[in-house]
Every structure is written in structure tokens, then in C-alpha cells.
Amino acid sequence: MKTFLNLLLLSSLSVTQASEHWWKVNGPPTTGNYAGGNTPEDATDALTKFLQQKEWTEWETYEDELVKIQYPKHPLLELEVRKNNTSIRVEGGVCTTVDNSFQNAYYLTADGATYGVFLLQASDWFDDGVCFCGPMVHHVKRIENSNIVRFSLLPGGAVKKAQILGDKLRLMAFEWTHLACPREVYEEMVERMELKIKSKHTPATLSSELEKRYNFDGPTRLIHVGMTPEQTISLLGKPVKKTAEEITWHGVSNDYRVSFTTVFKENRLTHIKDNSIRALSDTAIEGTLTWATDLLEEAQEQDPPTTIAPATLDKISEISLAAIHPDPSQSWRALHLLELLAENHNHSNPQIKQLILENKLPTDSLGLRIVNAYCDLKAINIKQKETWIIQAIQDLAPINAFKAKGSAFSSGYTEKSSLMNDLLTSLSQSNQKATKIWAKKLANANNPSWYPILLEEQHDLFNEKEITTLTLKALKHGKKLENGSLIYAAFETIPKLKLNATQHKEISDLLDALPDGQKESDWHKALMKAKQSLAPPSTT
């Protein structure tokens with residue numbers, strides 16, 4: 001019955017509130033401490049005047065088969081469509097876990113300043129990454145024109161980022177904090193943007209998916225300005241407190257007990273109290289991953305570290321084990337707990353041992369650290385450790401690390417190459433012969449993405465002839481692929497080589513074919529060092 005009411009409610013709101021600022025649940029937006037709309041230091045007078053204009057009566061429209069983008073009409077403002085992750089410049093340094101990849105980027109510039117960026121990418125869901133230029137304290141969602149719209153709000157209530165989710169396609173406006181347009185213009189542009197590929201989500205499936213992904217947080221994101229008390233209760237269920245002015249619910253968010261309060265005037269919602277949900281306690285709920293993490297970290301911070309009872313360690317182990325597979329977003333936290341248990345508390349779990357023996361433990365850096373820790377505890381023997389590592393290398397070997405998808409923390413190439421290097425290093429501690437065999441397999445395979453770590457980190461596994469051959473291969477592939485990682489790895493190795501005349505000429509010709517780059521740049525310095533290191537060729 002509740003799902004049916006949600007469907008009627010959300011369908012009704014998508015029609016009746018189409019022209020209202022439904023997303024202003026934190027009150028009238030203010031700039032606050034986190035803001036975009038900054039004028040570049042070298043801006044001309046004309047650009048400065050343009051960037052200060054907050055209201056426009058005339059708007060340009062760009063439209064293709066996928067999107068509709070509208071922006072102020074002005075001779076300084078130009079829109080360019082870029083394809084497949086080509087370079088995009090934004091304002092200010094970006095420190096982010098946001099997925100800014102795109103198949104199309106609709107790029108708005110004014111005399112060199114980035115005014116707006118709209119990224120179109122294949123996706124089944126919204127981007128939940130964060131950029132550290134300003135916290136997103138609340139997300140507001142609704143169904144609009146058969147698509148799902150999400151506005152993410154800064155502490156002052158301004159929109160930091162906006163997204164529209166259609167059928168396996170996402171249109172995302174780049175964060176306002178990295179753009180030169182005024183707040184008012186950004187908000188109007190994201191209100192006007194449209195995605196033409198319609199979502200297959202119904203209001204009911206949206207409500208269900210939000211609750212599945214975000215628990216109590218999910219339904220709170222469907223709360224809009226102008227709702228009646230009855231509509232909010234239909235979405236969030238029975239409240240713990242209700243007056244004519246306020247309604248309060250309690251729930252669980254990110255392993256904490258929380259409160260959520262909506263404020264009303266004349267029977268219509270005006271804003272959310274405290275801007276979002278509010279924690280009722282500083283202590284995480286016992287039995288959750290956050291509770292377990294806090295307990296282990298606090299124990300380790302003491303001098304000397306606090307001893308935790310074996311029964312509690314067993315409980316933490318079971319909590320972590322249960323979280324490895326059901327929720328991929330929590331797998332990292334669960335594996336980290338298992339690592340801490342083994343390394344700091346000498347605690348092992350027979351089920352984790354079985355996962356290792358069956359090669360079912362995730363093949364990543366945390367998985368490797370757990371395997372090494374279990375071997376140190378003698379929960380598994382060296383042969384079992386080697387078997388897991390060799391299988392992990394074998395699974396990783398065919399992957400093109402240059403094209404691997406990264407995580408919220410680092411690029412795919414960095415993650416995969418670091419993992420391969422760690423696997424080889426761990427294997428070499430007990431089985432140098434097997435390590436050399438696998439290093440040479442990687443060197444001889446037609447997958448150049450492993451060449452850099454072999455040259456830079458594992459060069460001792462190769463003889464002089466093999467390392468020269470690998471350096472030549474790295475240079476050739478690097479030039480062909482225009483890949484700096486390959487070329488830099490060769491630059492570093494060249495001074496150590498003893499070359500015959502043929503090899504000397506081949507490498508010299510390859511270096512001469514490379515662009516010099518700008519003087520004083522890292523590229524130019526590394527290239528010049530490699531060229532200068534080439535000694536006269538050996539006559540033997």
C-alpha cells in the first residue's frame with residue numbers, strides 16, 4: 001500500500017511542481033564558504049562584466065538526439081562538444097573521487113574561462129563520488145519527464161552538482177565550485193538541462209532503489225519544498241514526533257542512529273531542519289562495520305595498544321566476513337578489518353582461510369595483505385600462499401592496466417600495476433624461480449601495460465640482454481600508443497644499458513623521433529638525460 005501511495009505522490013509532484021524550486025529544502029541558497037563563480041585573475045574587463053551578470057532574459061539552446069542544454073546568450077560564450085574523455089579544463093585544482101569520464105562533454109567557455117560543463121556517460125546509476133572543494137550535505141531527487149533528477153546541495157543550500165539519470169545514460173553538470181558562472185546562472189542551467197533517453201524507473205521502483213542503496217537516507221532525498229505533512233509521512237512512515245510546525249523521524253544512516261526533521265508553514269514544507277539527517281549519538285551502532293573499525297583503531301592508538309577480548313575479535317571477524325560479498329561498496333572496509341585483525345591482533349578466521357585456499361578472496365592489494373598476514377600467523381603455509389599469488393598473477397596478466405577502471409581512490413592503471421608489483425615482490429620472498437618465470441611471461445606477452453613495473457621495480461629478475469629487449473619494446477609501444485608511462489620507464493633504464501652498435505642506433509633513433517617538449521619540463525629533462533647517457537657503442 002505504501003509503495004502505491006509513493007507512486008501516486010511522486011507522479012503528482014513531477015507535474016504540479018515542475019516550475020517550482022522544489023529542491024530548495026535547505027532554504028534560500030547562499031554562497032557560504034564553498035563557492036564557484038570566481039573570476040580569473042587575468043580576466044579582461046569585458047569578461048569580468050559578463051561573469052558578474054546573474055540574470056538573463058535570452059538563452060541559447062543546444063540540442064542533439066541525446067540532450068538539450070540551455071545557456072545565456074552572449075557573444076563571449078561558446079559551446080563545444082568534446083568526445084570520449086578528451087581533456088577538459090575547469091577552474092581551480094580538483095581533488096575528487098567523482099567519475100568525470102564521458103562519451104560527450106558539452107563544454108561552455110567564455111574567453112578561456114570555464115563557464116559550464118555537462119558530461120554524458122553510460123551508467124546505471126548516479127555518481128556518488130565526492131570532490132573535496134565543498135561537502136554535499138544533502139541530495140534531493142525527483143521524477144521529471146520520466147527521468148530521475150538529483151541535485152546535491154552545499155551547506156549554504158546552493159547546488160554543487162546536478163545529475164539526470166535516463167535509460168543506462170547519465171547527464172551530469174560539473175560541480176559549480178569549479179566553474180566561473182554565478183550561482184544563480186548555474187542553478188538555472190541545471191534546472192533547464194534535459195536528457196532525452198528516458199528512464200525505465202517508475203516512481204515506485206525509484207523509491208525502492210533509494211531505500212535499498214541508502215537505507216533511511218534514501219526516502220529522505222525524495223522530500224521536496226511544498227509537500228504536505230501527509231505526503232512526507234507517506235514517504236517516510238510513522239514519525240516519532242509530530243506538531244503543526246515540525247515532523248521528526250528516527251532511522252539508521254551509515255551505522256549511526258539518526259534524526260530527520262521537516263519544517264512546515266501553513267501546512268506546506270518550507271525546509272529541512274539542520275539541512276539533512278542528524279546523528280543522535282557519536283557512537284556507531286554495536287555490531288556494524290563502523291563500530292568494529294572504531295574499536296580496533298581506538299585500541300591501536302593507545303600506548304601500549306589495548307587488548308581486545310577474543311570473543312569481541314571473533315564477533316568483528318564474523319561481521320567483516322558477512323560484509324565481503326553482499327555489499328560491494330563495503331567490501332573494502334570489511335577486508336581492511338580482517339587485515340587489522342590478523343596484523344595487529346594475531347586473529348585468523350577458518351572461513352577466510354578457506355576463501356584463500358579456494359581462490360575466492362578478492363584479488364586486490366588488501367586480499368594480498370590478508371594472505372601474507374595469514375601466512376605469518378601460520379594459518380596457511382608458504383605453498384598455499386604461493387598458490388594464491390600465482391593464481392592472482394595469472395588472472396591479472398591478460399588485463400590491459402592502461403584501460404582498467406579505477407576506484408574512488410586511484411586510477412585503474414595505478415591500482416593494477418601496483419598490485420602486480422606487490423604480487424611479484426611477495427612471491428619472490430619465497431620462490432625466486434617462479435617469480436622469474438612469471439616476470440618473463442609478462443615481458444614476452446603482447447601486453448605492454450606491465451612493462452613499466454618490470455623495468456622500474458622488477459628489473460633484477462632479468463639479465464642484461466632481456467632488460468635491453470624490454471626497454472626497446474617499451475620505447476616502441478610507448479611511441480605507438482603515445483603512452484608516457486612506457487616511455488618514462490625506458491628513459492630511466494637506458495643509462496644502465498650496455499648496448500652493441502645495432503641496439504645503440506635503434507634506441508638513438510627512437511629517442512630522436514620523440515618530441516623534445518618544453519625546456520625545463522620533466523619530459524624534456526628526462527629525454528635529454530637519456531640521450532646524454534648513451535655511451536659510444538661497444539665494438540663487441
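Which residues in H13 meet which residues in H14? The legends below, drawn from a predicted model, begin with this contact.

**View 1. Helices H13 and H14 come together in a contact.** From H13, the residues involved are Met-420, Leu-424, Leu-427 and Ser-428, and they meet Gln-432, Ala-434, Thr-435, Trp-438, Ala-439 and Leu-442 of H14. By type, the residues of this contact comprise seven nonpolar, three polar and no charged.

**View 2. The axes of H13 and H14 cross at roughly 150°.** Helix H13 covers residues 412–428 and helix H14 covers residues 432–444; their axes come within 7 Å. Because angles over 145 degrees count as roughly antiparallel, H13 is described as roughly antiparallel to H14.

**View 3. Three strands form an open sheet in the order E1-E2-E10.** The pairing in this sheet is antiparallel. Strands E1 (59–63) and E10 (194–195) stand at the edges with a single partner strand each, so one side of each has no neighbour in the sheet.

**View 4. Strand E2 pairs with E10 over two bridges.** Strand E2 consists of residues 67–72, and its pairing with E10 is antiparallel. Lys-68 has Glu-194, in E10, as its bridge partner.

**View 5. Helix H3 lies across E1, E2 and E10.** This helix, made up of residues 183–192, runs at about 155° to E2.

**View 6. Helix H6 is mostly covered.** Of the eight residues in H6 (229–236), six are buried. The buried residues are Pro-229, Gln-231, Thr-232, Ser-234, Leu-235 and Leu-236. Just after H6, Gly-237 adopts a positive phi of about 85°.

Key. Residues are numbered from 1 along each chain as its sequence is written. This is a predicted model: local features need pLDDT of at least 70, side-chain atom pairs count only at pLDDT 80 or more; totals for chains, interfaces and linings use all residues. Side-chain values use heavy atoms; hydrogens and water are left out. Two strands pair if DSSP finds at least two bridges between them. Helices (H or I, at least four residues) and strands (E, at least two) are DSSP runs, numbered from the N terminus. Contact means heavy atoms within 4.5 Å. Axes are lines fitted to C-alpha atoms, for helices over the stretch in contact, and angles run from 0 to 180 degrees between N-to-C directions. Buried means under 20% relative accessible area, exposed over 50%, partly exposed in between (1.4 Å probe, protein chains only). Angles under 35 degrees count as roughly parallel, over 145 as roughly antiparallel, 65 to 115 as roughly perpendicular and the rest as oblique. Ala, Val, Leu, Ile, Met, Phe, Trp, Tyr, Cys and Pro count as nonpolar, Asp, Glu, Lys and Arg as charged, and the others, Gly among them, as polar.
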